[in-house]
Amino acid sequence: LTVIAFCDPEGPASPPAHLDAHCRARAAPCMVTLAHAVPTRAVRLPASRAPARSESRSSVKRFATTGDAKRETAGMAGTAGTDARPLRLVAVDMDGTLLRPDSTISDDTVGTLRRVHACGATVCVASGRPAATIRRYASQLGLGPIPAVCFNGACAMLLDGDDPANDVVWHVEHLSRDVVAQVLDVAEALDLPVQYCLPDKSVTAPVNAKQSALMDQFDALVGPEGHSERVPSLRPEAGSDAWPFPPPLKLIIITGSQSAADDVAVKARETLPPTTCHVIAAEVHTEFLMPGVDKSSGLRAAGAALGIDLAQAVAFGDANNDVEMLEACGLSYAMPNGRQRALEAADRVCRRDNASDGVASELADLLVEGAFGAAAAAPAAVEV
């Protein structure tokens with residue numbers, strides 16, 4: 001792991017209104033912006049592991065993932081017969097979860113997240129996206145700088161929706177050169193392009209028309225902020241040991257379809273065991289990170305910086321890359337149209353999908369139930 005800034009988890013936590021000043025003050029000795037989060041050396045730290053499910057979910061009763069209106073009682077504040085602590089953190093995936101199919105956030109969802117924020121909880125986005133492609137959504141939420149877990153957990157930061165210069169990076173991890181070389185070998189054998197993800201940009205080096213077309217398709221999906229810069233090569237020149245770019249936060253092999261991504265993940269794991277790297281099959285691509293790096297590890301780093309235990313977090317997700325986060329948080333929801341592993345990992349299933357503001361619907365119910373504390377129980381009108 002490469003730690004850029006890891007704030008004291010024992011320090012006091014402040015309400016969201018003071019989040020910016022609070023986190024910056026605690027990170028001041030080692031504050032950096034994402035553009036400068038390239039270390040001169042890597043520091044290996046013992047990986048923090050999630051407690052067993054029975055331990056981490058002692059206050060939450062698991063119920064069948066049916067998605068109907070009948071719910072078992074969750075042990076959260078505001079629920080009769082329990083003294084559990086209120087929820088303090090909302091960790092939400094972007095694509096397929098918070099975002100509608102047209103990659104927008106509805107006014108209803110924005111308003112609900114603002115209500116959650118107003119009653120003292122912190123809203124954190126947790127995505128495989130790079131920070132640059134999250135920024136406009138953070139600006140739309142209008143909550144000020146927000147915690148963000150980017151690159152599927154390889155980066156945890158305080159993200160300013162309007163000015164990258166104000167970002168604060170708490171934690172960042174990079175792939176080793178050995179793993180980079182092995183992933184590039186896998187992609188070359190499969191004749192597939194690779195996106196090389198750096199903190200402030202992504203680069204790619206397609207070698208034929210097929211690979212160029214796949215990269216164009218992928219760029220269209222992530223939006224203009226996430227477009228990859230075309231470069232001659234991702235490897236050192238012949239006869240040289242000098243790599244053209246710093247170590248990446250992650251590598252992505254672009255496959256063009258979900259079924260192909262699943263197939264590539266299977267083939268990659270034959271060459272790259274879990275001790276070498278973490279392989280994730282995604283929508284139209286397969287991702288590669290260092291072992292132990294996932295959204296839960298990034299969320300723990302963010303939680304440590306904020307002084308929030310993940311037992312007091314509620315998570316929302318829909319895909320394979322959300323599984324560890326759904327398992328790590330005190331309460332979790334999967335989208336009804338999500339991948340099977342996500343459905344199995346979550347405590348509950350949203351009654352509505354992302355096209356129908358499923359996240360907002362469940363958060364509205366939690367607000368009424370008082371899960372964010374007594375102040376959240378009464379509905380409030382928030383201007384959007």
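Predicted model: local features only at pLDDT ≥ 70, side-chain atom pairs only at ≥ 80, totals over all residues.

I looked up the angle at which helix α6 (residues 177-190) and helix α8 (residues 258-271) pack, and got about 130°, with the axes 11 Å apart. Angles over 145 degrees would count as roughly antiparallel and 65 to 115 as roughly perpendicular. That is why I wrote down α6 and α8 as oblique to each other. I also noted that their crossing is right-handed.

Next, which residues make the contact? From α6 I listed Gln182, Val186 and Leu190. From α8 I listed Val264, Lys267, Ala268 and Thr271. Sorting the residues of this contact, I got four nonpolar, two polar and one charged. A reminder to myself: an α-helix has 3.6 residues a turn, so residues three or four places apart point the same way.

Then I moved to helix α5 (residues 131-141). Which of its residues are buried? I found Ala131, Thr133, Ile134, Arg135, Tyr137, Ala138 and Leu141. I checked what these buried residues pack against: the helices α3, α4 and α7, plus the strands β2, β3 and β4.

Last, I zoomed out to the whole protein. I counted twelve helices and 14 strands. Of the 384 residues, 55% are buried. The accessible surface comes to about 15600 Å², and carbon and sulfur atoms hold 53% of that. Among contacts between residues at least 6 apart in sequence, 65% join residues at least 24 apart.

Terms used. Residues numbered from 1 in each chain as written. Heavy atoms only, no water. Axes fitted to C-alpha atoms, helices over the stretch in contact; angles between N-to-C directions. Helix = DSSP H or I, 4+ residues; strand = E, 2+ residues; numbered from the N terminus. Parallel < 35°, antiparallel > 145°, perpendicular 65-115°, else oblique. Left-handed = near helix turned anticlockwise from the far one by under 90°. Contact = heavy atoms within 4.5 Å. Nonpolar A, V, L, I, M, F, W, Y, C, P; charged D, E, K, R; others polar. Buried < 20%, exposed > 50% of the residue type's maximum accessible area, 1.4 Å probe, protein only. Areas by Shrake-Rupley, 256 points an atom, 1.4 Å probe, with all protein chains shown as cover.
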